[in-house]
Amino acid sequence: MRIVGPAASVAALCGVVLFAPSAAAQCVDEELKEELVGGRHYRGVQERLFTKAFRHELSGMGGLYAADLYSSSWLAGGAYTFHFSEDLGLEASAQFTRFRTAATDSYERRYPEVQVEERTNRPGRLYFGHLVWSFAYGKLRWMGGGITRFDLNAAMGAGATDDSTSTGLTGSFGLGTKWYFGKWFAVRIDVRDHILKETLIGEEHLVNDILVTGGFSVFVPFGG
């Protein structure tokens, strides 16, 4: 029996001569199933567009220093991070601010014969080391256009607060996020809590100073 028309094409695709419409439908169903399974397989295997492992990260940051005993002030500095893997990195940072106490200014204006401090507006320096753990990754599509990748990270470390009134070691922990563009550039936002002892008007206080910073990072080597 000779088969002509669309049925002949279906028979040729299946490699057999078919005599029933149900057999042709079964052949088409099998081909659709293979196409769908193959498409799902290839969508799951994608090249990681941004890698951090064994790369150096240089960051510039600026923001707000909200102190317990002092007035809020600006904050600026930089950081260097070496990434041991995609999840763990070791960060060293240096930041600068000014420590100003509006309360002592008011006290001195009220009692001009009493000078609480020699200077109530003096520079401060922060030197810290943190272990940074990237615990979550995600990606965001912008209005149906390009995809931006980001991560969420937690930082824990310690360092020194040099403002002439702090004593001992300063503990630090916080959360942050980085948004990656291309293969070597990222935008970062960090919130850190500094725990330290400070002396003001002859009394020692255990304080929590909050640092909120934003900035950018450059990754070396540039090619990823």
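Colleague: Which residue takes a positive phi in the hairpin of strand 4 and strand 5?
Modeller: Met 143 does, with phi near 50°, and five residues lie between the two strands of that hairpin. The model is predicted, and local features are given at a pLDDT of at least 70, side-chain atom pairs only at 80 or more, while totals for chains, interfaces and linings use all residues. Residues are numbered from 1 along each chain as its sequence is written, and side-chain values use heavy atoms, with hydrogens and water left out.

Colleague: What makes a run of residues a strand or a helix here?
Modeller: Both are DSSP runs numbered from the N terminus, a helix being H or I over at least four residues and a strand being E over at least two. By that rule the protein chain has three helices and eight strands, which follow one another along the sequence as α-α-β-β-β-α-β-β-β-β-β.

Colleague: How do you know that strand 4 and strand 5 pair?
Modeller: Two strands pair if DSSP finds at least two bridges between them; strand 4 and strand 5 (residues 147–162) have 16 bridges in the antiparallel sense, and therefore count as paired.

Colleague: Which strands pair with strand 1?
Modeller: Strand 1 (residues 56–66) pairs with strand 2 (residues 73–83) in the antiparallel sense over ten bridges, and with strand 8 (residues 203–220), also antiparallel, over eleven bridges. On the strand 2 side, Gly 60 has Gly 78 as its bridge partner, and a hairpin of six residues joins strand 1 to strand 2. On the strand 8 side, His 56 stands opposite Val 220. Val 220 is in turn joined to Pro 221 by a cis peptide bond, with omega about 0°, and Pro 221 is found in the segment after strand 8.

Colleague: Why is Asp 190 called buried?
Modeller: Buried means under 20% relative accessible area, exposed means over 50%, and partly exposed is in between (1.4 Å probe, protein chains only); Asp 190 has 3%, so the residue is buried. Asp 190 is found in strand 7 (residues 185–200).

Colleague: What joins the side chains of Asp 190 and Arg 188?
Modeller: A polar contact of 2.8 Å joins them, and that distance can be set against the definition: a pair of N or O atoms within 3.5 Å, where within protein one atom must be able to donate a hydrogen and the other to accept it, and where residues adjacent in sequence count only if both atoms are side-chain atoms. Using contact in the sense of heavy atoms within 4.5 Å, and leaving aside neighbours within four places in sequence, Asp 190 touches residues including Met 61, Asn 153, Leu 211 and Thr 213.

Colleague: Why does Phe 50 count as buried?
Modeller: Phe 50 has 6% relative accessibility, so the residue falls on the buried side of the cut-off. Phe 50 lies in the loop between helix 2 (21–44) and strand 1, and its contacts beyond four places in sequence include Glu 86, Tyr 180, Trp 184 and Phe 219. Tyr 180 is 130 residues away in sequence, yet the two C-alpha atoms are 7.3 Å apart in space.

Colleague: Why does Phe 54 count as exposed?
Modeller: The value for Phe 54 is 61% relative accessibility, so the residue counts as exposed. Phe 54 is placed in the loop between helix 2 and strand 1, and has a positive phi of about 60° although it is not a glycine.

Colleague: What makes a set of points a cavity?
Modeller: On a 1 Å grid over the protein atoms alone, a cavity is a set of points where a 1.4 Å probe fits but cannot get out, and lining residues have an atom within 4 Å of a point. Of the 13 residues that line the largest cavity, the closest to its centre are Met 61, Ser 93, Gln 95, Arg 192 and Thr 213. Strand 7 gives the largest share of that lining, four residues.

Technical notes:
On a 1 Å grid over the protein atoms alone, a cavity is a set of points where a 1.4 Å probe fits but cannot get out, and a pocket is an open set with protein on both sides within 12 Å along at least five of seven lines; lining residues have an atom within 4 Å of a point.
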